[in-house]
Every structure is written in C-alpha cells, then in structure tokens.
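Please look over the sequence and the structure first.

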Amino acid sequence: MTLAVRYTSARTLDTAPARTAPPGPGEVELAPAFVGICGTDLHIFHGDMDARVAAPAVLGHEMSGRVVRVGPDVEGWRPGDSVTVMPLRWDDTCPACRAGHQHVCQHLDFIGIDSPGAMQQRWTVPASTLIRLPDTLPLDRAALVEPTAVAVHDVGRAAVQDGEKAVVVGGGPVGVLIALVARSAGADVRIVELNAHRRLLAEELGLTSWNPADDDVPELVREWTGDAGADVAFEVSGAAGGVDTAVDVLGVRGRLCLVAIHPRPREVNLHRFFWRELTLVGARLYDRGDFERAVELVAEGTIPAERLISKVVPLTQAPAAFEALEGGGDVMKILVDCTDDTQGAAV
C-alpha cells in the first residue's frame, strides 16, 4: 500500500493509502519522484472542474520518476530508467485523430485530470506515454519538462522566427517558459506582469519586464518597435485586461497566440483584427516532438529549471502547498516530493 494525494471536494485534499494496479500488457509501473502543481490542478482544487473530475481523484501531470516494473509486451524500458510522462491517451478513431491531431483528440483522456495522476508513490501508465530522460538530468529539474513542452508547442503554433519581437502577457511559470523558449528561437522578448516577484525573476533570467499598472505597455511597444508593433503576442494571463493588451501591442499582420484558459467568454477588439489583418491562433497541450525538444532545453540549461522551483514539499504536505500557491506572492513553482525509501523507489 502506498500514499496518494486525492481531491475529494472543493478546497479539500487528503493524503490517503492507495493501491496501484500491477502493470498489464503495454503498461509500466513508475515511482514518481517529483510532481509539479500547475494552474489546472488549482482549478480542480477550487472545484471549478467538478463536472469533469470524478472524486476522489489523484492529481498531478507534471512529473519525473523512474520505471519500477514493466508489463507484458513492453520493450525498450527497464527498471531504473529515468522518465517523464506525456499524459495524453487518445482514441485514434475520432476526426481529430484521423487528421493527425491526436493531442486534441475529441475524446481525450488527460491523465491526471480525467484519470489518476502522478501525485502518488506508485503509478501505472501506458508505456506509450513515456519520454526518456538523460541520466544526467536531476529529477527535480525534469519535473519542469511538461510545462516546458507546453511552451515549446505555443512558440511553434505562433511560428516565432529569428529576429521577431514578441510580447508575453502574464509572467507566471508558463509565461516565463514561453519567453525563454521564444528567446532561444531568436526572438526579442518582453514580459508584461503585475506581480513584482515574478518581474524580478524574469529580469534575473535576462528578460525585460513591464508592469501594466505603472507602464503604458502599448506606448512602450511602439517605442521598442519603431511604431511597427510586435510581431507576436502570447496571452497567458487569463484576464480580460490581458486580452486587450495582447491585441493592442500587435503590429500589422501580427499573431496572437492564446495560451491561457479563460473561464468565460471575453470581448475582443475585432476592429483591430480587421484594421491590422491580425491572426488569432489557439495553442493546447503538446505532441511527442514538443516533449522531446523540452527535454533537450531543460537538460542543456536553456531552461534554468532550478531557478523556477520555489519550494519542494513532501507528499504529505501537498494539501498545504495548494493553499500556498493560491496566494501567489513570491511563489512560482512548487514540487511535491513523492519519493519513499521504504518502498525502494530509486531517485
């Protein structure tokens, strides 16, 4: 018997014994090492996704760990291998899958939301979801591969090119990761963020940030671009004001990449889209290529994952960590340490 963090009802988590099914054909059993808490996990914690999440639900999809056991017919994996998981299970039969867009399958099982996630000491998943990690990559840093894969996908969807000017509206974990990935693609990047701690971290990472409460961001963009406007903007804030800013900073034929999940419909300045021939593109999740590129970026240090980790807490303290993240403040990314020496999990 092992332990798992479970969502039981709005604003209620517990740490309870859990029994993990042994790996069947095509499956592997993992010992999760570190699991990141993300914005989606907070939405679940608040009760906002009760129509989708069946309680009690084991949370977590940003993870790193090691293989413990492999099931029948699994090849290429052995106990001790360092891995992360691309937490998507698709049906391969719906129109989206048949068109080659499995990551937005119309019947997608997002593991950690629609089915049990990684915030437990043992976890059985399809071998097809595994992504290999370099042995030299520390597993705490590797827990940031999944959100980095989100950023890689976003930058790809926005088709960021070398020399372009990009504005990232929202400087939380994903916003900073997008800025770093866009910079690695050759873009000149600015971050728009209200929170002083997040702006300071961005500056320490060599990124320029603006405070929309004090700065006239569209005017700063005009000065920065010689009145041309930005080539691309990423809306990562999830706020109505963030949408306005992302639209206002774009130049002629600029691209707006919508990253944040907005809880309600927003008003959008469609006249601006008409007048400047703007393009809006959605970005959701990732594919295997995004994950493999994310592993490279984290392993080579282009993504300074250790700088984004604010705190690591043991699994039994995960419920308190969710409450700490609600306050924002000086917290960026909290990891849950799922290791358990008594179970023989090597990390």
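**Second largest pocket**

The second largest pocket has 14 lining residues, and T20, P116, Q120, W123 and T124 lie nearest its centre. The model is predicted: local features need pLDDT of at least 70 and side-chain atom pairs pLDDT 80 or more, while totals for chains, interfaces and linings use all residues. Residues are numbered from 1 along each chain as its sequence is written, and side-chain values use heavy atoms, without hydrogens and water.

- A pocket is an open set of points on a 1 Å grid over the protein atoms alone, where a 1.4 Å probe fits, with protein on both sides within 12 Å along at least five of seven lines; lining residues have an atom within 4 Å of a point.
- The space in this pocket is about 210 Å³, a volume filled by probe spheres set on the points.
- Strand β9 (residues 123–126) gives the most to the lining, with four residues; strands are DSSP runs of E, at least two residues, and helices are runs of H or I, at least four, numbered from the N terminus.

**Helix α4 against α5**

- The axes of α4 (residues 145–157) and α5 (residues 173–184) come within 8 Å and cross at roughly 55 degrees; axes are lines fitted to C-alpha atoms over the stretch in contact, with angles from 0 to 180 degrees between N-to-C directions.
- P147, V150 and D154 are among the α4 residues that meet α5, where the partners include V174 and L177; contact means heavy atoms within 4.5 Å.

**Helix α4 against α10**

- α4 and α10 (residues 288–299) pack at about 115 degrees, with axes 8 Å apart.
- In α4, the residues meeting α10 include V145, E146 and H153.
- On the α10 side, D290, F291 and R293 are among the partners.
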